[in-house]
Amino acid sequence: AKGVGAGVEAKAAGGAAGALVWWCDGVCGAGKAALGQLGREREVRGIGVAAEAKRTGEAVVRVEGELKAGAGGTGGAVGAVMLVGCAGVATVLANRRSGIRAIVGTSLESVEAGLMLAGATVQIMEYPRMNFSQMRNLLGRFARGAGRNPPVDEVAAALGEQG
């Protein structure tokens, strides 16, 4: 998949510098348009996995590699967006990977909580249930918080206190 806004400097107000990577499991015109608009503010690029739901596992592994490379300062990503028809499978697969903390972005409040309380690194969005404006708003909020995640041990400690 070709990058959206590839080569654009990260300029999102309040967001950490670094790329966002994305993947879509099908035809998601509104999502790609929203990513294109976000690409005017920061680098946004595809991960190069075919847009088919059966490739979700492969996409999750590729996203994890991008995030690990970004954490290591070797040109990877600070966050990822997965646009899917149904979030269940992608969420389960993503959260089984050690380098990923995935949330399902359904509202600005859920994205905010995922970023602040769980240190989300991946936002999963169900594109058939959202219009362009909703996707643009949720992507923008995630982009501003991506890369500013609490350390994994801090999140784990907070979760331990809850249980």
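This report describes the confidence, the sheet and the helix packing of a predicted model.

## Model and confidence

Residues are numbered from 1 along each chain as its sequence is written. Because the model is predicted, local features need pLDDT of at least 70 and side-chain atom pairs count only at pLDDT 80 or more, while totals for chains, interfaces and linings use all residues; side-chain values use heavy atoms, with hydrogens and water left out.

The average pLDDT of the chain (the predictor's confidence in each residue, from 0 to 100) is 85, and 80% of the residues score at least 70. Over residues 1-15 the pLDDT stays under 50. For that stretch the model has 44 contacts (heavy atoms within 4.5 Å) beyond four places in sequence.

## The sheet

Helices (H or I, at least four residues) and strands (E, at least two) are DSSP runs, numbered from the N terminus. An open sheet is formed by 5 strands in the order E2-E1-E3-E5-E4, with parallel pairing. Strand E2 (44-46) and strand E4 (102-104) stand at the edges with a single partner strand each, so one side of each has no neighbour in the sheet. Neighbouring strands are turned by 25° against each other on average, direction ignored.

Strands of a sheet pair through backbone hydrogen bonds, either parallel or antiparallel. Strand E1 (residues 19-24) pairs with strand E3 (residues 77-84) in the parallel sense over 6 bridges; two strands count as paired if DSSP finds at least two bridges between them. Valine 21 stands opposite alanine 80 in E3. Helix H2 (residues 56-71) packs on the sheet and touches E1, E2, E3 and strand E5 (122-126). The direction of H2 makes about 165° with that of E3.

## Helix H5 and its partners

Axes are lines fitted to C-alpha atoms, for helices over the stretch in contact, and angles run from 0 to 180 degrees between N-to-C directions. The axes of helix H1 (residues 29-38) and helix H5 (residues 132-145) come within 9 Å and cross at roughly 45°. H1 and H5 are therefore oblique to each other; angles under 35 degrees count as roughly parallel, over 145 as roughly antiparallel, 65 to 115 as roughly perpendicular and the rest as oblique. The crossing is right-handed, meaning that the near helix is turned clockwise from the far one by less than a right angle. On H1 the contact involves Ala30, Gly31, Ala33, Ala34, Leu35, Gln37 and Leu38, and on H5 Phe132, Met135, Arg136, Leu139 and Ala143. These residues divide into 9 nonpolar, 2 polar and 1 charged (Ala, Val, Leu, Ile, Met, Phe, Trp, Tyr, Cys and Pro count as nonpolar, Asp, Glu, Lys and Arg as charged, and the others, Gly among them, as polar).

Helix H4 (residues 108-118) also packs with H5: their axes come within 9 Å and cross at roughly 15°. That makes H4 roughly parallel to H5. This crossing is right-handed. Leu108, Val111, Glu112, Leu115 and Met116 in H4 meet Asn137, Leu138, Arg141, Phe142 and Gly145 in H5. The contact has 6 nonpolar, 2 polar and 2 charged residues.

## Helices H2 and H3

H2 packs with helix H3 (residues 87-95) at an angle of about 40°, their axes 10 Å apart. The two helices are therefore oblique to each other. Thr56, Gly57 and Val60 of H2 make the contact with Val89, Ala90, Leu93 and Ala94 of H3.
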